[in-house]
Amino acid sequence: MKKIIKLLGALSLVAASFTSCERDISALNVDPKNPSVVPTENLVSTVSYYLANAHVSPSVNENITRFFTQQWTETTYTSETNYFFEQRNQNQYYWNNTYREVLGPLAKAKEFLQSEKENSTYSLADQAKIKANKKAILEILSIYAWATLVDSFGDVPYSEALKSNSTDLNLQPKYDDAATIYTDLVARIAAVQSTIDPSLPSYSDPYYAGDMDKWKMVLNTIKLRMGLNLADTNAAQAKSLVESAYADGVITDEGDNFQFQFDNALFSNPVYLNLVANGRNDFLPSNVLVNFMKANNDPRVPEYFTPAPDGTYKGGNYGLLNTYANFSKVADRIKKRDAPGQIFDHVNVKFMLAEAAARGYSVGGTAADYYADAVTASMEEWDVDAAAAAFLLAHPYDAANWKKSIGEAAWVAMYNKGFEAWYFWRRLDYPVLAPAPTAVYGLVRRMPYPLNEKNNNAANVEAASTKIPGGDIYSSKVFWDKN
C-alpha cells in the first residue's frame, strides 16, 4: 500500500494519456513531480488499486451495478435505481477508469519493463523468465480489463486505442467488433499461459505477492467466464474454453481468491467510505432481494441485513423513495474498513462450474454437486454453514429448470458483488426481475456509450451504435447475451 500512496500523485501525467481519445502531451513542459517513466512494480500496485476500487465501489458516481440486479435500492435519490445514466455518467467513470487508470498504465508498464534490470543474483536465463512472469501479470490484468469492458459496452476502441506517441496518436479510434476482440483475447490468454514459470518470482503485487501459480488460476478463471459467456453464440468454442480452463486450474479455494486487501488507513474499502465515513444514508437492501430470501427461509438474512425498527427484515421499495430509518440496513460486516475487494472469489467460480456442468461441459463434477458446493461455500463465507444441509434439502438443484435453480442461487450468493451478479443474471435470465418503476428502457443489459465519446468520437460511436440491435441503450444486449 505504501507504493500506492507514493504513486497515486506521481502517476497523474502517465495515467492521463490513456482515455480512448487523447491529446498529444509531448509538447508540454516536463513536470519533475510527475515522472514519465516509473518503476513497473509501482504501476502494478496502482493499477491494482484502481481496478479493485472501480469494481467494488458503491458510489452513485462510479458503480451502480448493485442496482442492475436490484440487490440494493436508494432512499432520497432514485435516478440510479431507474438507470438514468445521463445524470451522473457512471458509464463515463467506468470507461475512463478502465482506459486511463488501468489499461493505459499497463501498456506503459509493458514498455518500461523492457529496459528494467532484474536481480543479478539469478542467472541470465532465469532473469529472462522472471521478466516473463512480470509481463504475464501485466497481460493478465490487461486481458481482464479488456474483457470486462467489452462485456459492459459491446464494441469498444481496441486496436487503435492506447496510442499516446505523436507518431501514432489517434484522437478518434475506431470501435472494434466485440466478438473479434474476444477472439483476440482468447489468443492472448493462450500466448501468455505458456510464458509463466511458477518456480521463479515476479512482482510483489497486492493480489498474490508474485505467486504465479495463483496468477495462472486467475487467467484460467477469466477464460472460464469468457467461455460461459459464449455458450449461446459459439457452443463449440465455449465448451473448449471452459473445459481447458478447468483442466488447467481455476479458483476454487478461499485462499486463492482474486481480491485486493484494502487497509485500515488511507485506502479503506469503498463500501466503508460511502456508507460509513461519508455519513450518507443513501442505500438500503432492496425488497426484491430481502423478500426472496425471507420466502426461502435463507439463513443468510441476518448476516446480510440488520432488522428494521419493528424487528422484521424489510427491504426498501426498489426504485422508489424510501425513508432510511424505516427499513433494514446493509449489515455491518459488509461495511468494514479493511474488507477485501473481491473480483473473482471461490463462491463465484463454483457457481460458474455448476453452470458449466449443467450446459454439458466436462468440469470434473455434476451440476448438482457443484450447486451444493457453491451454496455451502456461500453459507461458510457468511458463517451459517451449519444451516447449509437443511437449506439444500429444502432447495435442491433442479435439473429440469437449471437456469432458474443456479441463477437464483448465484444471485443471492453474489450479494454485494454487483458485477458478478450482473454476469449470472445476463447469462441465465434469472431471477425474473421487473423493470424499475420509471426506467425508460427496461432492465440493464449493457452500459450505453459515454457522453464524452459521443461528443469527441461521434462518427465511430454512431457506427458502433448502429450495429447494436435496439441501438445504444442500456436494455440492448452485448453480442454474447442471446437468450
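The following legends describe close-up views of a predicted model.

**View 1. Helix H12 and its surroundings.** Helix H12 spans residues 287–295, and its buried residues are Asn 287, Leu 289, Val 290 and Met 293. When the helix is seen down its axis, these buried residues fall within an arc of 165°, so they line one face of H12. The cover over the buried residues of H12 includes strand E3 (283–285), helix H13 (301–304) and helix H17 (402–413).

**View 2. The two ends of helix H12.** At the start of H12, a side-chain oxygen of Ser 286 comes to within 3.0 Å of the backbone nitrogen of Val 288. Beyond the other end, H12 is followed by Asn 297, a residue whose phi is positive, near 50°.

View 3. When residues up to four places away in sequence are not counted, Arg 300 touches Met 293, Ser 378, Met 379, Trp 382, Val 384, Phe 391, Val 412 and Ala 413. Of these, Met 293 also belongs to the buried residues of H12. The side chain of Arg 300 makes a polar contact, at 2.8 Å, with the side chain of Asp 298. Arg 300 and Asp 385 lie 85 residues apart along the chain, while their C-alpha atoms are separated by 9.5 Å.

**View 4. The largest pocket.** The largest pocket has a volume of about 540 Å³. It is lined by 26 residues, of which the closest to the centre of the pocket are Arg 333, Ala 339, Pro 340, Gln 342 and Glu 381. Helix H3 (40–56), helix H4 (65–68) and strand E4 (341–344) are the elements that give two or more residues to this lining. By residue type, the lining of the largest pocket divides into seven nonpolar, twelve polar and seven charged residues.

**View 5. The largest cavity.** The structure holds four cavities of 30 Å³ or more, and the largest cavity contains about 90 Å³ of space. Its lining is made up of Leu 51, Ala 54, His 55, Tyr 94, Asn 97, Thr 98, Val 102, Tyr 144, Ala 145, Thr 148 and Phe 419. At least two residues of the lining of the largest cavity are supplied by each of H3, helix H6 (90–113) and helix H7 (124–153), and H6 gives the largest share, with four residues. The lining of the largest cavity comprises seven nonpolar residues, four polar residues and no charged residues.

**View 6. The second largest cavity.** The second largest cavity has a volume of about 40 Å³. Around this space are Leu 228, Asn 229, Ala 231, Asp 232, Arg 359, Arg 426, Arg 427, Trp 480, Asp 481, Lys 482 and Asn 483, which form the lining of the second largest cavity. Helix H9 (212–229) and helix H18 (418–428) each supply at least two residues of that lining. Three of the residues lining the second largest cavity are nonpolar, two are polar and six are charged.

Note on methods:
Residues are numbered from 1 along each chain as its sequence is written. This is a predicted model: local features need pLDDT of at least 70, side-chain atom pairs count only at pLDDT 80 or more; totals for chains, interfaces and linings use all residues. Side-chain values use heavy atoms; hydrogens and water are left out. Buried means under 20% relative accessible area, exposed over 50%, partly exposed in between (1.4 Å probe, protein chains only). The arc is that of the directions from the helix axis to the C-beta atoms. Contact means heavy atoms within 4.5 Å. A polar contact is a pair of N or O atoms within 3.5 Å; within protein, one must be able to donate a hydrogen and the other to accept it, and residues adjacent in sequence count only if both atoms are side-chain atoms. On a 1 Å grid over the protein atoms alone, a cavity is a set of points where a 1.4 Å probe fits but cannot get out, and a pocket is an open set with protein on both sides within 12 Å along at least five of seven lines; lining residues have an atom within 4 Å of a point. Grid points are joined across faces, edges and corners, and a volume is the space filled by probe spheres set on the points. Ala, Val, Leu, Ile, Met, Phe, Trp, Tyr, Cys and Pro count as nonpolar, Asp, Glu, Lys and Arg as charged, and the others, Gly among them, as polar.
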